[in-house]
Amino acid sequence: MRLLSNSNKVFWNLTKLSISNQTPNVLVKLQPASYRSKSTDGGDGPEASTKQKLLTYPVLPLNETLQRFLLTAQPLLTPSEFEKQKKITQKFEENEGEKLQGLLEEVGKCEKNWLAHRWLTNAYLKYRDPVTVYVSPGMTFPYQQFKDMREYVKYTAQVIYGLGEFKGIVDAGEIPIVKMGKNELDNSQFGKVFGTCRIPIRGTDRIVYNPSSNYVVVIYKNHFYKLSLYDSEGNLLTSATLAKQLEEIRDAESNVGVPYGVLTTDSRDNWAEAYEQLVKNPENAATVKTIQGALFTVSMDECIDLKPGQETNQLILGLIHGNGSRVNSGNRWMDKTIQLVVNPNGNVGFTYEHSPAEGQPIAMMMDYVVKKMAEDADFGSCGSTNVECGPQKLSFAPLNDCVGQWLFYANRNIDKLVNDLQCNVLKFPCYGKNYIKKQKLGPDSFVQMALQLAFYKIHKVPAAQYESAHLRIFENGRTETIRSCSNESLAFCKAMTSSSASLEEKAGLLRQAVVAHQQYAKNALQGIGVDRHLLGLKLMALENNLPVPEFYSSPGYTKSMHFRVSTSQVATLYDAFMGYGPATDDGYASCYNPRDDDIIVAITCWRYNQDTDPDKFAKALEEAFLDMQSVLEQTNKPKSKL
């Protein structure tokens, strides 16, 4: 594999940026170290080498987890509900909880990470709603301005080349190992995104890994083409060579094909039923298998006009769902972990299927490619021009009535989903991380408190708020929940919306709320949270055919798990961001990129719920940012000596 000479330096700088921004509340020391990946056919797919010194995921003491749980549930309950919850929790601890804890501890002794495969299965593969909107985020690139179709194709080819180069870095074991304190962070997720695909099966899906694949699949006007990424000796093809083949694909198709890709946007059981019928035909089975085995897919979309003032909203929505059956939703294969989407109108980004990995590898790929393209005018020219085989069209058998009926359902359902999802991307220009740090506050926790305040301003109640914390100090670690709603955040919100609270009170409560969030986030990153332990106990009941305890239907548990604000930080230097659908019918999703001097927040909610509105939430969030700034600045003024 031929790589540009400064690839590793660029990659290391981007690794440093991404990791430090994603763990803002913990001292992160960045130390390059050797890394090599290996491929496996079973388990959780390609994994980091055992050279990495990773921790075993623990089973926490039950009483400590339940005490933390009560603290996080308290702000969401009335005093009488909280007293009742304490009794239910104590009963659980002394009875079923003790037995389930023993079962979990036995499992924990036998497995390096008792959570990893259970989380993959229960959080993702058993999930039956569509991956579209509900699971798969969109990750934007900076907006592009293509002068003509030739420039559009050239850009697309360069991004494909960049992803191939990034894959070469992963395969060569040159991703730096980063440390959080004394602990290394697991790099295995980088080896789980290329060549990976989810397979629809009724009840529980499965994942296939093809890390040694050597081609991509291009989707244009709903037609599918296999495109080699390397020559016969394994050298990456130049972007000009790739561009020539993309032109061949464009020239070959003038009519829109049958939108088989829209089947992948439907509910998992609908898609599983359609899949069974689709692959009964050997020609279809071979085509589908080729799509599944690609390193990634490339959706060359039909151009859509951008509405003035809605450009940014349309960008992320196009990545999340493709804008419907009459637009580009059929020009997708939503089961693929990585889908590169490029529209001639300048909208570019990834749609990624969330099952095998978190957003970090996806965001770092974007950073890597954008940086290389911006800084190297010859990016994509280093490689081979020896094309062993031109683009090969992947054919489907003539559409039969059964599959046609499933297409009808999928088209109807995606159009409803597109209509139901509302979005507002707030680009807050007044300050960013630099200002927040000058106030001696953690930027991530500050944004989390602003989100709490925005919700409280609109709905007059606190929201159970989810933030993801990575568990990468553990082998195959995924995430723990940062429960951002706390007694401190509620006191802060009440003070900020009170006419009687003084500026000093507001500022003091703001700082206390931020510190409380920082402490919970720090604990969550070390595996000391609430949600994954409680999930493990529930799974022990289910796996051992025991009744699920009353505790799991108690007010404190259900209210604290009903995350009306679902959030994550995905940081990048660029004018780019991630977005996804809300976790509840009556809530919001808010994915944010706090840059040095501004903050980008992608807000979504459901149109059918009259109580939620992304425009109102964006306005309330902007007000929250300004109110918090005003409180800090007014209380930081030097006092008169008179």
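Helix axes are lines fitted to C-alpha atoms over the stretch in contact, and angles between N-to-C directions run from 0 to 180 degrees. In this predicted model, the axes of helix H14 (residues 443-459) and helix H19 (residues 614-635) come within 8 Å. They cross at roughly 120 degrees. Angles of 65 to 115 degrees would count as roughly perpendicular; H14 and H19 are therefore oblique to each other. The crossing is right-handed. H14 contributes Phe446, Val447, Met449, Ala450, Leu451, Leu453, Ala454, Phe455, Lys457 and Ile458 to the contact. From H19 come Lys616, Phe617, Ala620, Leu621, Glu623, Ala624, Phe625, Asp627, Met628 and Leu632. Of these contact residues, 16 are nonpolar and four are charged, with no polar ones.

The UniProt record, an unreviewed entry, assigns residues 58-623 to the feature "domain: Choline/carnitine acyltransferase".

Eight strands form an open sheet with mixed pairing. Their order is E14-E10-E9-E11-E12-E13-E4-E19. Strands E14 (392-394) and E19 (578-579) each have a single partner strand, so one side of each has no neighbour in the sheet. Strand E11 (residues 297-300) runs parallel to strand E12 (residues 338-342), and four bridges join the two. Val298 stands opposite Leu340 of E12.

Helices also pack on this sheet. Helix H6 (residues 149-171) touches E11, E12 and strand E13 (348-352). The direction of H6 makes about 160 degrees with that of E12. Helix H10 (residues 311-321) lies across strand E4 (138-140), E12, E13 and E19. H10 runs at about 140 degrees to E4.

Conventions: Residues are numbered from 1 along each chain as its sequence is written. This is a predicted model: local features need pLDDT of at least 70, side-chain atom pairs count only at pLDDT 80 or more; totals for chains, interfaces and linings use all residues. Side-chain values use heavy atoms; hydrogens and water are left out. Angles under 35 degrees count as roughly parallel, over 145 as roughly antiparallel, 65 to 115 as roughly perpendicular and the rest as oblique. A crossing is left-handed if the near helix is turned anticlockwise from the far one by less than a right angle, and right-handed if clockwise. Contact means heavy atoms within 4.5 Å. Ala, Val, Leu, Ile, Met, Phe, Trp, Tyr, Cys and Pro count as nonpolar, Asp, Glu, Lys and Arg as charged, and the others, Gly among them, as polar. UniProt positions are given in the numbering used here, feature names are shortened, and annotations may be inferred rather than shown by experiment. Two strands pair if DSSP finds at least two bridges between them.
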